[in-house]
Amino acid sequence: MSLSIELSQGEISPLGASIKDNGVNFAVYAPSAKQLYVCLFDASGHTEVLKLAMNNNEGGVWSLCISPLPVGTLYGYRAEGDYQPKKGLHFNSQKLLIDPYAKDLFGEFTWSERHYSQMPIGTLSAVNNAIDMPKSKVTQLRPYQGVKPNHSWGKTVIYECHVKGATARHPSIPEHLRGKYLGLSHAVFIEHLRDLGITTLELLPVHSFISEQFLTGKGLQNYWGYNSLNFFTPHKDYLVDDEIAEFQQMVTELHNAGIEVILDVVYNHTAEAGIDGPLLSWRGLNNSGYYRSVEGDPKVYINDTGCGNTLNIDDPYSLKMVLDSLRYWVEVMGVDGFRFDLASILARTAHGFSQQHAFLQAINQDPVLSRVKLIAEPWDIGPGGYQLGAFPAPWREWNDKYRDVVRRFWCGEQNMLPKLAKRLHGSCDLFDHNLRGPLNSINFITSHDGFTLADSVSYEEKHNEANGEQNRDGHSANYSFNCGIEGFSNDPEITTLRLQQQKNMLLTLLLSKGVPMLAAGSEMGHSQGGNNNAYCQNNRMSWLAWKDSQRSHPLTRFIDDVLRLRKKHCVFKHRVFLHDTDKRFAVQWFTELGMPMQESDWHDGSKQFLMYSLHDVQLKSALLIILNASDVTVVCTLPEITEGNWQLNITSIEESVLKDTKQFEVAAHSSWVFSANLEGECHG
């Protein structure tokens with residue numbers, strides 16, 4: 001690095017490191033600091049070659065322009081100021097800090113005592129942590145140039161997957177691409193998604209993250225990625241050649257195949273953990289701004305995440321950072337939307353959750369972000385944290401009530417029919433009140449968190465011993481049915497029933513009103529051995545076990561068949577709830593005798609059989625769906641139809657033969673779909 005450089009005041013916007021002529025402008029927000037320094041490192045990242053004082057500006061932004069300075073320069077910040085944790089001040093110039101706006105990082109993070117400000121406790125640490133810290137890296141990517149698919153919500157089918165776990169064991173993908181971003185955009189994986197009928201990939205966190213120290217001490221890793229180190233940099237373990245442009249390439253190749261990319265983002269907490277955690281970035285620059293603390297007691301963090309800290313989205317610069325990050329991933333990296341982890345936190349003020357929170361309003365008026373797909377996980381562990389149905393348009397929400405009701409029904413619970421009917425038809429009780437419709441519900445049976453689909457029919461108790469917490473972690477309410485034996489079985493009757501039950505839940509999901517989401521591996525019977533909290537299992541427990549004949553897997557074929565049927569029917573594409581005044585579409589509910597259900601039928605808690613029809617008068621089409629969750633065969637009479645006959649389309653029963661389309665035996669634990677008189681395919 002040349003030491004012949006010129007320094008100037010610099011500009012306060014944009015924050016971070018930005019190319020300016022032949023130099024670099026650095027800007028960082030640290031309103032309570034007494035002095036900020038930008039520290040430059042050699043190409044190895046090991047030697048700090050320059051420490052340059054930055055200039056203070058109005059509003060608490062520090063800046064410095066250095067010329068000439070090339071792209072690829074490694075740097076970090078040091079902040080001088082008071083170290084008074086009781087007042088929320090955590091300045092320590094011995095700690096190298098990652099730029100909150102860094103677009104690239106260089107080097108590995110290593111846990112050590114050097115990252116802590118008090119070592120030993122009560123004594124300000126004078127140990128430099130630079131050797132164990134990744135360095136921020138000056139970079140410049142062009143804005144995204146590809147053409148985005150822009151699938152309507154009515155056509156959207158989401159596939160939630162982990163970047164590494166999806167392809168790490170795929171035998172047909174080149175070894176150097178397995179478990180990488182470019183593995184997801186390999187032609188073989190794209191072909192698999194298209195075979196299934198997937199329109200949209202939802203990726204578990206790809207922001208740069210680290211493993212918690214308590215995990216590394218046990219020889220484990222944070223696999224899922226909900227422990228962010230930076231909100232702008234792609235996680236580099238998923239790169240082939242350490243070039244962040246590979247992420248753009250992945251998005252482009254998926255878009256060219258008509259597949260959208262949604263990111264699971266974690267703007268609710270950071271890897272700096274609790275108040276006694278390490279100084280890595282935000283805490284060392286503006287602790288009281290970036291993190292929520294108890295009113296009147298800044299040394300005590302509010303912990304609505306269970307991870308030690310909670311991002312303070314009420315602070316203008318914290319809010320700005322989140323919005324800038326979101327826009328960067330859309331405009332530069334090319335993504336199509338976001339799923340917000342613990343989204344209730346992002347709309348919580350000091351007085352609780354608010355639909356008028358500045359974050360929600362900012363998103364709604366933003367010309368970029370208001371046009372992308374927005375999905376909330378509408379809960380957290382804080383006060384009033386459960387907010388399913390409370391987010392405003394255009395937000396969609398993960399619907400855990402859908403998940404639980406459908407699983408409880410197929411487990412054989414009684415008194416489920418009224419609840420099931422609501423969930424099958426878009427959860428009107430949750431979304432209609434604030435002018436939203438069925439497509440605001442993200443319906444799912446399983447996700448990354450909890451049992452896999454295969455495990456939900458193989459285990460009734462969690463088996464999380466491998467996590468090192470004596471099986472205390474993870475939920476105990478699994479709503480699962482092991483079909484007669486806990487765990488693996490090669491008994492033909494049990495394996496047949498397990499396959500049938502998986503098909504039952506998949507059929508229910510894919511033919512419900514709402515946006516369906518499949519968890520990766522549901523199409524191949526992926527098992528985690530009963531572990532329902534595999535967040536720290538970066539191994540074969542979590543990685544999908546591919547086979548050369550994957551296309552012929554009965555669940556893969558089944559999903560494809562059901563989604564093909566779904567796409568033909570406009571009844572699944574309604575943007576608003578249709579009530580009795582809309583005559584084009586009609587829903588009718590029947591008893592097993594083919595007669596309309598009466599109020600007494602709905603309140604008969606012993607009933608575990610549901611038959612209903614969905615009609616489209618304009619297309620002269622109808623679907624008849626039959627669900628039998630009981631453990632007995634039900635003799636069923638199909639309802640009369642005005643034109644034509646019912647034709648069997650799909651059933652969860654293998655090698656079923658239907659001799660009579662008016663009356664037949666509905667086997668225990670089975671589902672059936674009939675159709676009639678489809679004159680045209682829905683293109684809405």
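Predicted model: local features only at pLDDT ≥ 70, side-chain atom pairs only at ≥ 80, totals over all residues.
Select the cysteines to begin: the count of disulfides, meaning pairs of cysteine sulfur atoms within 2.5 Å, comes to 0. Cys161 takes part in no disulfide, and the nearest cysteine sulfur, belonging to Cys536, is 20 Å away. Cys161 is buried, at a relative accessible area of 2%; buried stands for under 20% relative accessible area, exposed for over 50% and partly exposed for values in between, with a 1.4 Å probe and protein chains only.

Residues are numbered from 1 along each chain as its sequence is written, and side-chain values use heavy atoms, with hydrogens and water left out.

Turn now to the aromatic rings. Rings of Phe, Tyr and Trp (its six-membered ring) pair if their centres lie within 6.5 Å; planes under 30 degrees apart are stacked, over 60 edge-to-face, and the rest tilted. The count of aromatic pairs comes to 33. Select Phe391 and Trp395, which form a tilted pair, 5.6 Å centre to centre and with 40° between the planes. Phe391 is buried at a relative accessible area of 1%, and Trp395 is buried at 1% as well. Proceed to Phe664 and Trp672, an edge-to-face pair with 5.0 Å between centres and 65° between planes. Both Phe664 and Trp672 are buried. To see one aromatic cluster, select Phe231, Tyr267, Trp282, Phe338, Phe340, Phe353, Phe359, Phe391 and Trp395 together.

A charge sits over a ring if NZ of Lys or CZ of Arg is within 6 Å of the ring centre and within 35 degrees of the ring normal. Lys51 lies over the face of Tyr37, 4.5 Å from the ring centre. Lys103 lies over the face of Tyr328, at 5.6 Å from the ring centre.

The next stop concerns helices, which are DSSP runs (H or I, at least four residues), as strands are (E, at least two), numbered from the N terminus. Select helix H14, residues 554-567, where Leu563 is placed. Leu563 counts as buried, at 1% relative accessibility.

The tour ends with the backbone. Most residues other than glycine have a negative phi, and most peptide bonds are trans. Select Ser13 and Pro14, where the peptide bond is cis, with omega near 0°. Pro14 is in the loop between strand S1 (6-8) and strand S2 (16-20). The bond from Ser67 to Pro68 is also cis, with omega near -15°, and Pro68 is found in the loop between strand S7 (61-67) and strand S8 (74-80).

At 57% relative accessibility, Gln470 counts as exposed. Finally, select His669, a residue other than glycine with a positive phi near 50°. His669 lies in the loop between strand S30 (663-666) and strand S31 (670-676) and is buried, with a relative accessible area of 13%.
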